[in-house]
Amino acid sequence: EEAEKFLEEFEKKNTYYFQASKAIDDPAFNKPSNRLSGLSFLLPHELWKVSYWVVTASLNFLRYSSDYVTQNPFWAVIDKAKRKARVVRGYNDLYDAIEEEKYIYVPLHTEPEAYPMLLAPYYTDQLWLVKQIARSLPVTFKLYVKDHPVMVGYRTRAYYRELKKIPNVKLIDVRENSLALIRKSEMVVTLAGTAGWEAALLKKPSIIFGAVFYKYLSGVVRCRAIEDLPELIRKQLTEYRYDKHELVNFIAALHEESVDLDLVHLWDVEGGVNVEKRRNELVPLVDLIASKVGLNRIA
């Protein structure tokens, strides 16, 4: 019953399955896409923060320069300056319009990211991968590629121009809602991302390249050899059948082995600063992990 309710709410309300995902796609949250926000560091109070950071980072580097994780402030400033320049320049002129046409949706991962590096280590060159997906599509299809909002400013314009050189590829604005793109797509192809899971919840087929948790669903196919991709795409487009019973059972199994905790928001969004305040929420998770390794709870 919980699984059916979850699926029903997801389909009707178009809600995200965890809070952090919603925040990332919210235009109000996605400040780096605004050119003026890239110049905010020139404000007096922001300049003070930058100056304070440079001094602090320089002192730390002098004290711990032998530690390989200590960042060189000189190169850090150069890198940040390049990112600011990219944001001020903007990417709006590179984005393509969304039209009424058949397309397959490919969301890019952040880089570097441990998840795809561990689960799909041989496909982490996303530019190369997009080229292989594009040449594997039916001639009447477009490939919609949308970058992760967190990557705004990190990738160069040259990277996106290289994507746009591919004839059947369209570069989509990072501020576009991913779930809306999935709903209108014919299929989702993802390296090892949650977009494939969202596609399953929205009755769409998907192709993955990594050993993600939802790989057991019949509507999800893993590509293990790149030369198999054209045939996998053909089969997913022509032979996919939505199996609600299977999906509900899978969600129910996840609920059975889960606890009610938004760990992504607690750890990634809040940065772990409220762990002590939210200790009671973490207790069920600790108990679940303990039970899996054979430990007994001490009253």
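Author: A192 is buried, with a relative accessible area of 0%. The cut-off for buried is under 20%, so A192 counts as buried. Keep in mind that this is a predicted model.

Where is A192 placed? It sits in the loop between β4 and α9 (195-201). So a loop residue can be buried, as A192 is, at 0% relative accessible area.

Now look at what surrounds A192. Set aside its neighbours within four places in sequence. A192 is then in contact with H109, Y115, P116, L119, G210 and V212. Take Y115 from that list. A192 and Y115 are 77 residues apart along the chain. Their C-alpha atoms are separated by 7.3 Å.

Take the contacts between residues at least 6 apart in sequence. Of these, 69% join residues at least 24 apart.

The largest nonpolar core has 35 residues. Those with the most contacts inside it are V130, I133, L143, L163 and F209. Several elements give two or more residues to this core: β1 (103-107), α6 (126-134), β2 (142-146), α7 (157-164), β3 (169-172), β4 (187-190) and α10 (229-239). The largest share, five residues, comes from α6. Follow L163 for a moment. Leaving aside neighbours within four places in sequence, L163 is in contact with L108, L127, V130, V145, V169 and L171.

Q132 is buried, because its relative accessible area is 12% and the cut-off is under 20%. Q132 touches I226 and L229, not counting residues up to four places away in sequence.

E186 is found in the loop between α8 (178-184) and β4. Is E186 buried, exposed or partly exposed? At 33% relative accessibility, E186 counts as partly exposed. The reason is that 33% falls between the cut-offs of 20% and 50%. Leaving aside neighbours within four places in sequence, E186 is in contact with K102, Y103, F141, P205 and L237. E186 and A199 are 13 residues apart along the chain. Their C-alpha atoms are separated by 9.9 Å.

Move on past α9. K203 is found in the loop between α9 and β5 (206-208). K203 is not a glycine, yet it has a positive phi of about 65°. Most residues other than glycine have a negative phi, and most peptide bonds are trans. K203 counts as partly exposed, at 42% relative accessibility.

The peptide bond between E111 and P112 deserves a look too. It is cis, with omega at about -5°. P112 is in the loop between β1 and α5 (114-119).

T70 lies in the loop between α3 (44-63) and α4 (73-89). T70 is buried, with a relative accessible area of 19%. The value is under 20%, so T70 counts as buried. The side chain of T70 reaches the backbone oxygen of Y64 at 3.0 Å. Not counting residues up to four places away in sequence, T70 touches N60, F61 and Y64.

A search of the whole structure finds three cavities of 30 Å³ or more. The largest cavity holds about 90 Å³ of space. Its lining is made up of A200, K204, L217, S218, G219, Y240, R241, Y242, D243, E246 and L247. These lining residues divide into five nonpolar, two polar and four charged.

Finally, step back. The protein has 13 helices and six strands. Buried residues make up 38% of its 299 residues. A192 is one of the buried residues, at 0% relative accessible area.

Definitions and conventions
Residues are numbered from 1 along each chain as its sequence is written. This is a predicted model: local features need pLDDT of at least 70, side-chain atom pairs count only at pLDDT 80 or more; totals for chains, interfaces and linings use all residues. Side-chain values use heavy atoms; hydrogens and water are left out. Helices (H or I, at least four residues) and strands (E, at least two) are DSSP runs, numbered from the N terminus. Buried means under 20% relative accessible area, exposed over 50%, partly exposed in between (1.4 Å probe, protein chains only). A polar contact is a pair of N or O atoms within 3.5 Å; within protein, one must be able to donate a hydrogen and the other to accept it, and residues adjacent in sequence count only if both atoms are side-chain atoms. Contact means heavy atoms within 4.5 Å. A nonpolar core is a set of buried Ala, Val, Leu, Ile, Met, Phe, Trp, Tyr and Cys residues joined through side-chain atoms within 4.5 Å. On a 1 Å grid over the protein atoms alone, a cavity is a set of points where a 1.4 Å probe fits but cannot get out, and a pocket is an open set with protein on both sides within 12 Å along at least five of seven lines; lining residues have an atom within 4 Å of a point. Grid points are joined across faces, edges and corners, and a volume is the space filled by probe spheres set on the points. Ala, Val, Leu, Ile, Met, Phe, Trp, Tyr, Cys and Pro count as nonpolar, Asp, Glu, Lys and Arg as charged, and the others, Gly among them, as polar.
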